[in-house]
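Please open the structure in a viewer and keep the selection tool at hand.

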Amino acid sequence: MAHILSHPMLRRLVSVPPAYYVFGLLLLTLWLARPNMLNPNVLGIFIRQVVPLGILVLGQLLVMRVRSIDLSGGGVILLINYIITSRTFPEASGLTFILMALAIGGGVGLLNGFMVAKRRVSAVIVTLAVSIILVGFVQFLSSGKPPGDVPKYMNEIFNISLGFVPLPVLFWGVCTGIMWLVMQQSVYGRYVEAVGENAEAAAFSGVPVERTVVMAHVLAGLIAAVAALVQTGSIAVGSVRVGLDLPILAVAATILGGVVFGRGEGGVWGPFFGVLSFALLFVVMTVFGIGDPGKLIAQGLIILMAAILYGWRSRRG
């Protein structure tokens, strides 16, 4: 068995991020079961709904590449959604909301990065605690009641399409392309790769390890703020629960896309297809009349299989 698994061809197949296989399998299932659902306009509707998750994944893959994690994105999204929809700042313009969102996301990311890189506190504990604090703060401000409506112009922008491509999907693609360029072409991208492979060796080589980790968390916070703006634009009313499930889904899509702690075989596009796989999963489940419990079970099984595969690969690597 070990001899078979060591075959070069099989090793190459196993090295491909699971997201591509899952995406292909779901696409084939949809083509066989309901080919009319492959209409670009129909798929665009489903894919548009996962754009906030897709954007959040860009920050998650970055922090995971430096052997960290960020679970505070849900709290960031919820707080920004509340600020925009509660009419706390009734005269605020769209630009003001954008700047406020970026300030919140960047501030949360800076706090996370400082605690993780400088104070050596567990990233899981810190970012989860920050998320809980933000959620509690929103619950206190709102008294547990949903805030007001989303500004009309935000929802209108979210629903714009260029041909059959929704504007949010195009925006997500551009953001992913920018992240790919950063990781492949920039000095910071090389720092991230070095820290992920071996932080101690990177430090001896002159890489600013702490600063690289802090910057990863700051960027993840800013990206979460962008995801919050898109998520807010996607819903018609405010909510005291919006975005809370996205961080764990972001971790799942990132792992599915080939990125594990310190290792990034899937690069940036692997997680991109990981998110697309979740979008197609929703389509397939809908086609077969499977409700939310079944969707959750299917998500969990896909995540479990990806984790098992990458556990096997880590032991062999």
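Select Glu210 and Arg120: these residues form a salt bridge, with their closest N and O atoms 3.2 Å apart. Glu210 belongs to helix α13, whereas Arg120 sits in the loop between α7 and α8 (123-142), so this pair ties together parts that are 90 residues apart in sequence. The model in view is a predicted one.

Because Lys118 lies in helix α7 (residues 94-118) and Glu210 in helix α13, the contact ties together parts that are 92 residues apart in sequence. Through shared partners, Lys118, Arg120 and Glu210 are joined into one network. Over the whole structure, the search finds two salt bridges.

With the three residues still selected, display the surface. Which of them are exposed, and which partly exposed? Arg120 counts as exposed, at 58% relative accessibility. Lys118 is partly exposed, with a relative accessible area of 44%, and Glu210 is likewise partly exposed, at 30%.

Select Trp172 and show its surroundings: leaving aside residues up to four places away in sequence, Trp172 touches Ile47, Val50, Val51, Gly54, Ile55, Phe272, Val275 and Leu276.

The following stop is the largest pocket, which holds about 480 Å³ of space. Its lining comprises 17 residues, of which Gln49, Asp245, Leu246, Leu249 and Phe282 are the closest to its centre. Colour α5 (51-65), α13, α14 (246-256) and α16 (292-316), the elements that give two or more residues to this lining. Helix α16 gives the most, with four residues. By class, the lining has nine nonpolar, five polar and three charged residues.

Finally, move to the second largest pocket, with about 380 Å³ of space. Select Ile98, Met154, Ile157, Leu229 and Val230, the closest to its centre among the 14 residues that line this pocket. At least two lining residues each come from α7, α9 (152-158), α10 (167-185) and α13. What classes of residue make up this lining? Twelve are nonpolar, two are polar and none is charged.

Key
Residues numbered from 1 in each chain as written. Predicted model: local features only at pLDDT ≥ 70, side-chain atom pairs only at ≥ 80, totals over all residues. Heavy atoms only, no water. Contact = heavy atoms within 4.5 Å. Salt bridge = Lys/Arg side-chain N within 4 Å of Asp/Glu carboxyl O. Buried < 20%, exposed > 50% of the residue type's maximum accessible area, 1.4 Å probe, protein only. 1 Å grid on protein atoms, 1.4 Å probe; cavity = no way out; pocket = protein on both sides within 12 Å on 5 of 7 lines; lining within 4 Å. Points joined across faces, edges and corners; volume = space filled by probe spheres on them. Nonpolar A, V, L, I, M, F, W, Y, C, P; charged D, E, K, R; others polar.
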